[in-house]
Amino acid sequence: QVQLVESGGGLVQAGGSLRLSCAVSGRTFSRYAVGWFRQAPGKERAFVAAISWYGDNIYYADSVKGRFTISRDNAKNTGFLQMNSLKPQDTAVYYCALDPADYCSTYGCYASSLTYKAWGQGTQVTVSS
């Protein structure tokens, strides 16, 4: 069984930055894609960003494009989400997710929660105005 553990969340003022990490452990895969989603209070879980195993496919939601950067360190089985210029509307629980097939090549595929077969427990990000 694979485990995903997010860290790096917290409280930050608007305009600040946070770096989220997603540590993958347990069952190993030859390759996997990593996605980040977020869920604000009273709203559905929404796609934020995704990255393929080799990093040749990277997608962002329009709401975070230019402010967030997704990356990964395959040697350490860790994914990252660098979040800059944070806004109060970025406040949410952030989840990382794993796609063991790593077959997506389109935004729609990466943005679908059905693509991912394992999820972390989430980390809270709160941006104050």
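I began with Thr123, which is buried at a relative accessible area of 11%. I took buried as under 20% relative accessible area, exposed as over 50% and partly exposed as in between, with a 1.4 Å probe and protein chains only. The model is predicted: local features need pLDDT of at least 70, side-chain atom pairs count only at pLDDT 80 or more, and totals for chains, interfaces and linings use all residues. Residues are numbered from 1 along each chain as its sequence is written, and side-chain values use heavy atoms, leaving out hydrogens and water.

**Thr123**

I placed Thr123 in strand 11 (residues 123–128). Helices (H or I, at least four residues) and strands (E, at least two) are DSSP runs, numbered from the N terminus. I then listed what Thr123 touches, leaving out residues up to four places away in sequence: Glu6, Ser7, Gly8, Gly9, Leu20, Ala92, Val93 and Tyr94. Contact here means heavy atoms within 4.5 Å. I also checked Gly9: its backbone nitrogen lies 3.3 Å from a polar atom of the Thr123 side chain.

**Sheet**

Next I looked up the pairing around Leu20. Leu20 stands opposite Leu81 in strand 8. Strand 3 (residues 18–26) and strand 8 (residues 78–83) run antiparallel and share six bridges. Two strands pair if DSSP finds at least two bridges between them. Both belong to an open sheet of four strands, in the order 1-3-8-7, with antiparallel pairing. Strand 1 (2–7) and strand 7 (68–73) are its edges, each pairing on one side only. I noted an average twist of 15° from one strand to the next. Axes are lines fitted to C-alpha atoms, and angles run from 0 to 180 degrees between N-to-C directions.

**Tyr107**

I moved to helix 1 (residues 107–111), where Tyr107 is found. Tyr107 counts as partly exposed, at 37% relative accessibility. Not counting residues up to four places away in sequence, Tyr107 touches Phe47, Tyr59, Tyr60 and Ala61. I checked Glu44 too: 63 residues from Tyr107 along the chain, with 18 Å between the C-alpha atoms.

**Largest pocket**

Last, I looked at the largest pocket, which holds about 180 Å³ of space. A pocket is an open set of points on a 1 Å grid over the protein atoms alone, with protein on both sides within 12 Å along at least five of seven lines; lining residues have an atom within 4 Å of a point. I found 16 lining residues, with Arg38, Ala40, Lys43, Ser63 and Gln89 closest to the centre. Strand 5 (residues 46–51) gives the largest share of the lining, three residues.

Conventions:
Polar contact = N/O pair within 3.5 Å; in protein donor to acceptor, adjacent residues only side chain to side chain. 1 Å grid on protein atoms, 1.4 Å probe; cavity = no way out; pocket = protein on both sides within 12 Å on 5 of 7 lines; lining within 4 Å. Points joined across faces, edges and corners; volume = space filled by probe spheres on them.
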